[in-house]
Amino acid sequence: MSDNSDSTLQVTHLKKTFNGRHGNIAVLEDIHLTVEQGKFVSIVGASGCGKTTLMRIIAGLDTDFEGSITLRGKLLSGPGPDRTIVFQEHRLLPWYTIGENVGFGWKPGSDAQNKDAAVRAHLELVGLSGFENAYPHQLSGGMAQRASIARALVHRPEVLLLDEPLGALDAITRMRMQRELEAIWQRENTMAILVTHDIEEAIYLSDKIFVMSARPGRIQRELSIPFPRPRDRSSYEFTRIKAEILEEIDQDTAACGSGCVAKAENAIQV
Amino acid sequence: MSTQRITAVIGRDVPDTHSTGWLRNITTALDRIARLSAGAVLPLIILAIWYWATQKQFVKPIFLPSPLAVLTAFQRMVVSEGFLRDLLTSLSVVVRGCFWGILLGLAVGIGAGGSHWVERMINPLLNALRQVPALAWFPLIALWIGIGDLAKEVVIAKSVFFPVFLNTLQGIRNVPPQYVEMAQVFGFTRTQMLRRVVFPAAAPTILVGIRFGAGLAWAMIVAAEMLSGRSGLGFLLEQSQDMLLTDHLFVVIVTIGVVGFVVDLVLRSIEHRLFRWKEDIVRR
């Protein structure tokens, strides 16, 4: 499924308004972004800028918006087998084994492998071979998150969405998981869109970074990260880009004041 | 569980215990025996005090028969007074009443859980009905359908219905929305959502409601039989009191307690077996 000729995700003039008690709040305004097939992009920004909202719309969990999202030229609305998402919590169903949980991502007719083979292959891909019969509560946070990544990839979607997937992990596990995520992405060659607070994570993993500003949420800046992989976090270019992005976000926060973020968070209630 | 397997499952190192092999097996077995018999300590102490008190004749036997007298009475009741028949009568009424109460509780609970409108429509009426204790309905029901097993079954069904209904409704409402969202993204159909997400998520709460209802039912049957029974354990209680057969009283009371305890134990072990996927709370 992921070797289509032109698997481009195109978001055009996306706008979302939240009709709250205190009037209408523009959550997302004129979002315009393009992601090419097989690329890894990140969306970063201050809390409350709407990046999770944008992610949920792309995943199809939210269909109340204006504008359009197309994949391979086809209009998207609602969830579909072409997009999967990895949430911040692993969201594995506790009453099923890891193997069964990963199997939920499988769709009949995907890639001609039978379900068991696909599940086993993807568990191996994320380094969880042999854990098919374990239950989620027996796994550590990092392992459970890896299982949810396997679940998202098992039917080889065209778009892999990641909503702060490593946010709940400790710093050391997070760094290790970033490397593993990169390796998994390179092997699967799927399009990946990552939402994160961690600028370093974004720079380490992405080909392109979208910086979002808050209230209303819009794409403030688009940066290309053409560095070769694997990237060196302590290199000059890395540090320079990081400073640049931080400054962008700082500027945005200063421009609308710190009350902005809090207001936006209250309004969105995501 | 070997240390290797523990490490593999939880992904981090577990310190090895000091003893190994046969010594460890013995200490583990002793430990298990100790844990299981801890619960028997207090009852045994009470039994000893009871025996000693009756031996010393602190109280008249009519108020406190000796343990041996109770045992003898039990034997007599079983062999020549049809005790088992009364026990069976009570049990069968309870089982039938429970069955209907659980069935209706599940049905209405699922209906209300699935639809907010249904819930809004039936909640006020059900809440009002719930305030009236089941036993208070008994005279009216007995008047309508006669004093007999059916009236008792209806009253028991009523008292079982409410905890099951409430817990079913709560269980369904409390399904974590994160799981529902995840299932939506992964394209679960409505049937799959119900079978794989909603029902397993609600099951623990529902089972607690059933366990609670079963306990209520058992208490209810004794009361109902005391009110107007001609057989069953409650009736035996009344009769024993009338004839001042305190040893009989003790037998019935102990039996009621034991049966209730066993039923609860069975339900709890079913619960334990079904919900092994739940996070292990710190052991004992």
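Mentor: Here is a short chat about the two chains.
Mentor: This is a predicted model, where local features need pLDDT of at least 70 and side-chain atom pairs 80 or more, while totals for chains, interfaces and linings use all residues. Residues are numbered from 1 along each chain as its sequence is written, and chains are lettered from A and ligands numbered from 1 in the order in which they are written.

Trainee: How many helices and strands are in chain B?
Mentor: Chain B has 11 helices and zero strands, counting DSSP runs of H or I with at least four residues as helices and runs of E with at least two as strands.

Trainee: And how spread out is chain B?
Mentor: Its radius of gyration, taken over C-alpha atoms, is 25 Å, well over the 19 Å that the globule rule (2.2 Å times the number of residues to the power 0.38) gives for 284 residues, so chain B is more spread out than a compact globule. The C-alpha trace of chain B spans about 70 × 65 × 30 Å along its principal axes.

Trainee: Switching to chain A, what order do the strands of the open sheet take?
Mentor: The six strands run E6-E7-E8-E3-E9-E10, with mixed pairing; two strands pair if DSSP finds at least two bridges between them.

Trainee: Which strands stand at the edges?
Mentor: Strands E6 (83–86) and E10 (218–224) of chain A do, each with a single partner strand, so one side of each has no neighbour in the sheet.

Trainee: How many bridges join E3 to E8 in chain A?
Mentor: Five, and the two strands run parallel. Val41(A) stands opposite Ile193(A) in E8(A).
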